[in-house]
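Here is a short briefing for a first look at this structure. Keep the sequence and the 3D view open while you read.

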Amino acid sequence: MSVKIVEPEHHFIEEEPYYHATGDEVSLFTAAYRNRLPILLKGPTGCGKSRFVDYMAWRLRRPLITVACHEDMTATDLVGRFLIVGGNTVWEDGPLARAVRCGGLCYLDEIVEARKDTTVVIHPLADDRRILPMEKLGQLLLAPPEFSLIISYNPGYQSVMKDLKQSTRQRFVALEFDYPPEAVEIDIVRHESGVDPETARALVTFARLTRNLKGSGLEEGASTRLLVHAGKLIQSGIMPPSACTAAIAQVLTDDPEMLTAVQALSATLF
Amino acid sequence: MSIPLEDPPLPLDFLEERLEALLEAALSSRRTCSGPVHQLARCCRADQEQILAWVEMLARTNPELAFQFAQHAPDATQWLDMTGMRQWLGVAFDRYDQEGLHAALRVVKDPQSFAQQRAPEPGSLFLATIVHCLEKVLTGLGGRPLKIEIGEQIYTDTETLFLPSRLARFPDLRQNERLYRCVAAGLWAQTRYGTFFPELSQRLSAFPDPERAGALYYTLENHRLAALLRRRFPGLGRDIGALTRTPPWPASWQEASRALEEASATPETSWRWLEWGHAASEWPETPWHQGVLMMQRVDCAMQQRLQKQRHLFRRMVGKMLDKHPARITMPGLSDPSLLTFEPKPDGLTFDFNLDGQPLTPPESLEHLVRDIVQDLGQIPPEYLEAAGPGGYDLDADSSNTELEVWQGVYHEEGAFLYDEWDCHRQDYRKGWCVLRELPVTPSDEPFVQETLTRYAGLVRHIRRSFEMLRGGEQRLKKQDRGDEVDWDALVEALVEARSGGEMSNRLFQRIERQQRDVATLILVDMSGSTKGWVNDAIRASVVLLSTALEVLQDRYAIYGFSGMTRKRCEFMRIKPFTDAYSVDVERRIANIRPMEYTRMGVFIRHAIHLLETVEARIRLLIILSDGKPEDYDGYRGEYSLEDTRKALIEARQRDIHPFCITIDQEAQAYLPRLYGPSRFVVLPSVDLLPLKISEIYRKITT
């Protein structure tokens with residue numbers, strides 16, 4: 001087994017990722033990129049935000065640096081820090097600084113998971129100044145035209161604690177994502193998992209039934225991503241009811257009653 | 001070796017004495033307990049003891065019920081084991097709660113029927129065991145939310161599905177469960193795919209025998225829906241095919257059958273075949289699982305709903321348009337073309353457009369439109385007409401303000417229903433308490449200002465000490481990762497390394513914001529016992545605690561509670577989490593007044609509900625009280641304490657920390673059992689409450 005190691009600066013998406021546009025998001029993104037405007041993607045989990053970013057990175061032929069944001073992430077984690085190497089302090093760029101230097105796309109996934117004081121560091125980069133202050137180095141990084149900042153979040157999770165500040169939001173061009181229309185979702189599931197059109201249709205119908213349960217015991221319905229997982233299991237010979245249980249029902253909930261209900265819904269189709 | 005012998009039965013005179021004591025209220029000169037005593041004497045010792053315990057429990061609820069139980073329970077042991085006896089008792093209790101004494105007596109007087117119903121066949125499945133799951137399945141299938149209830153016959157009135165209390169068609173429990181799903185899905189399809197259109201009843205009345213015509217229409221519709229379900233839900237279709245049997249249709253109806261099975265068939269197709277065949281000599285049969293048509297009940301439910309929907313729709317659209325800037329510039333709001341709905345592919349959700357511009361409606365309006373379209377197939381143009389100069393807002397017609405509904409006959413409309421724990425039965429009374437949130441009327445009394453002046457010194461102290469607690473920044477040293485090198489740690493580590501030790505990797509420091517992620521709900525006792533000084537002290541404490549919470553910037557809500565009987569539990573809104581502290585809040589605090597009783601369990605359950613909507617690392621429920629929970633209708637003593645305790649356990653299970661501050665000097669006797677050894681404070685005198693409350697809060701949250 002060999003593991004391919006790629007420096008973030010050289011992470012070019014070589015092959016065209018499968019992406020089914022559902023609106024004018026590709027042209028909007030392209031226009032924003034050409035105008036050096038940062039982009040905010042919002043939508044429920046598993047509806048294709050990250051895949052869209054992959055696709056755009058491929059289209060624009062720029063390296064893609066993705067950061068999964070989390071609560072303990074500090075500004076230093078993004079910008080860079082001094083490390084001690086062999087008794088000396090050595091500066092190491094964080095992912096944001098690396099993306100700026102190489103003129104890549106920096107994708108901060110689930111930005112609201114990061115603390116508010118951390119997100120503030122992107123402000124000078126996200127307005128017309130397009131600079132990244134490196135306070136500890138006493139330098140300013142000026143972003144080249146090729147650099148672009150993309151952030152994403154799921155408004156469905158938005159709690160009082162995980163809100164995106166107006167001062168942050170109002171720097172971006174926002175693209176809203178949702179689960180794709182039925183026909184498109186069937187196409188996606190079919191293409192990504194390789195299942196036949198009938199199975200893909202049944203999986204998509206099942207997802208729609210679970211989405212009706214949002215707010216009635218489920219936090220979220222089944223995402224397109226989960227359907228693809230279930231489809232892949234089915235393609236590998238797992239019976240559809242078992243695949244739906246493992247890849248969808250069990251993932252959505254731990255509540256035994258809800259689990260039975262979700263399984264019963266899958267049984268109406270398979 | 002000694003063989004353990006069973007205990008001998010209880011002596012007759014003991015039984016007589018005991019039953020007389022328990023059933024005293026149900027006995028008279030003409031009715032003694034000799035009957036039950038002799039019946040009970042025939043039982044073994046274990047059964048006798050258990051039955052006596054149940055009689056005692058029942059006697060607390062209703063002496064007549066207890067008497068009848070004592071009379072019939074010994075016989076019941078012939079047909080029921082102890083688990084069955086417990087179920088029988090549970091059913092009797094439920095009937096008593098829901099329908100009253102007579103319904104409960106019918107159950108108690110006929111244990112044999114219960115026994116026959118209970119487990120005559122293996123695999124028998126009670127609706128009660130799967131009803132919640134079934135409701136979720138129906139929600140998943142989509143459309144208007146439907147309730148499920150037990151019915152003598154299978155039918156729907158378009159809002160509730162009535163299903164048999166038990167299914168035992170198959171020896172296997174799981175098959176019966178699937179059968180329940182098939183039956184429910186069939187009824188769901190009737191409500192979802194247009195079987196009951198509004199003019200149905202009127203059109204049926206044109207037939208010489210409307211009832212028979214209705215029955216035939218129902219058969220035809222079910223045939224159409226069965227085919228539709230097979231197409232859309234193949235798994236369900238397979239189950240229906242495997243678990244039910246539909247009698248073959250007569251030869252003369254074969255063409256109708258084929259037409260109804262086509263994907264293009266609609267209720268109108270069924271109607272056409274009804275007109276074609278209603279005079280025929282033979283008709284197809286409706287299989288049992290598809291139920292029956294109850295036209296009157298459908299009419300009644302639909303009429304009420306349509307009226308409500310129309311009213312609500314115009315009100316909500318009016319509100320939405322009021323907010324929309326287009327309203328100012330657009331003349332003739334009554335022009336229905338301004339607001340349009342484009343159906344999405346599922347047929348039940350819509351894109352809203354106002355004068356060609358897309359509009360995002362509130363979720364409640366989307367659901368309402370879904371319900372209207374499910375009933376009427378469209379939004380009728382008259383729904384979009386403004387009702388005169390008042391615009392769409394028909395509030396003037398509506399007398400259903402929150403308070404009026406509460407005081408009127410329909411006081412359960414829009415209220416919250418909560419279960420209550422009955423320690424005697426060791427089970428919940430379902431939907432037992434009716435709770436409504438009501439606003440506290442603001443008062444002009446300058447109570448808050450006076451309190452702040454009177455306790456000026458304390459207020460200063462609170463501000464100072466609580467500011468120190470507020471989330472500040474903290475430098476964390478010797479960390480394994482951080483923003484900066486912790487030079488002190490580095491020097492130490494190098495020294496350690498040079499002296500032959502292992503060099504630590506904790507060489508960084510970082511600044512961390514100490515966030516107080518606390519949400520607190522303060523629940524204030526507004527029962528009648530908090531009169532005079534106690535009320536003043538409680539109000540002053542709320543003022544001072546609010547001061548502290550404002551300084552701390554913790555999120556908090558203040559509610560009062562009081563009520564009378566389970567039917568009228570009032571949760572008084574003083575400051576919800578979403579409101580900022582304001583003059584209005586101060587005026588509401590000033591008007592915290594003693595009212596009626598303290599049915600604690602239901603209020604705690606509602607507070608849990610509210611706290612669950614707030615995301616915080618620590619969720620705290622502070623109860624400010626002056627005595628034991630008590631209500632007018634027998635909610636006192638062990639019963640009330642156990643219900644309160646159960647509600648507090650529910651809170652802790654949901655990660656909510658309850659804490660009680662009380663001035664009841666006897667509270668030491670019961671609070672430890674309710675709150676645990678350290679989750680309460682009993683203040684020796686009422687005037688200490690304002691002085692201590694902020695300090696207590698500080699202790700609990702640091």
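Where in chain B is the place of Asp631(B)? Asp631(B) sits in the loop between β17 (618-625) and α25 (637-653) of chain B. The model is a predicted one.

- Is Asp631(B) buried or exposed? Asp631(B) is buried, because 26 other C-beta atoms lie within 10 Å and the cut-off for buried is 20 or more.
- Asp631(B) is in contact with Thr565(B), Tyr597(B), Thr598(B) and Arg599(B), leaving aside neighbours within four places in sequence.
- Arg566(B) is 65 residues apart from Asp631(B) in sequence. In space, the two are 8.3 Å apart, C-alpha to C-alpha.

**Where chain B touches chain A**

- The contact takes 28 residues from chain A and 23 residues from chain B.
- On the chain B side, the elements that give two or more residues are α8 (127-141), α9 (173-192), α12 (234-243) and β13 (508-513).
- α8(B) gives the most to that side, with 7 residues.
- The chain B side divides into 11 nonpolar, 7 charged and 5 polar residues.

**Nonpolar cores**

- In soluble globular proteins, nonpolar side chains tend to be buried together.
- The largest nonpolar core here has 80 residues.
- Which residues of this core touch the most other members? They are Val189(A), Leu203(A), Phe206(A), Leu227(A), Ala230(A), Tyr180(B) and Ala184(B).
- α9(B) gives the most to this core, with 9 residues.
- Ala230(A) is in contact with Leu203(A), Ala243(A), Cys244(A), Ala247(A) and Ile248(A), leaving aside neighbours within four places in sequence.
- Another core, of 70 residues, lies apart from the largest one. Ile462(B), Phe561(B), Ile574(B) and Val681(B) are among its residues.

**A helix pair in chain B**

- Two packed helices are described by the angle between their axes and the distance between the axes.
- The axes of α3 (residues 45-61) and α4 (residues 63-76) of chain B come within 7 Å and cross at roughly 160°.
- Angles over 145 degrees count as roughly antiparallel, so α3(B) is roughly antiparallel to α4(B).
- The crossing of α3(B) past α4(B) is right-handed.
- From α3(B), the contact residues include Ile51(B), Trp54(B) and Leu58(B). From α4(B), they include Leu65(B), Phe69(B) and Ala73(B).
- By class, this helix contact has 12 nonpolar residues, 1 polar residue and no charged residues.

Definitions and conventions
Residues are numbered from 1 along each chain as its sequence is written. Chains are lettered from A and ligands numbered from 1 in the order in which they are written. Helices (H or I, at least four residues) and strands (E, at least two) are DSSP runs, numbered from the N terminus. A residue is buried if 20 or more other C-beta atoms lie within 10 Å of its own, exposed if 12 or fewer, and partly exposed in between; C-beta atoms are placed from the backbone. Two residues are in contact if their C-beta atoms, placed from the backbone, lie within 7 Å. Ala, Val, Leu, Ile, Met, Phe, Trp, Tyr, Cys and Pro count as nonpolar, Asp, Glu, Lys and Arg as charged, and the others, Gly among them, as polar. A nonpolar core is a set of buried Ala, Val, Leu, Ile, Met, Phe, Trp, Tyr and Cys residues joined through C-beta atoms within 7 Å. Axes are lines fitted to C-alpha atoms, for helices over the stretch in contact, and angles run from 0 to 180 degrees between N-to-C directions. Angles under 35 degrees count as roughly parallel, over 145 as roughly antiparallel, 65 to 115 as roughly perpendicular and the rest as oblique. A crossing is left-handed if the near helix is turned anticlockwise from the far one by less than a right angle, and right-handed if clockwise.
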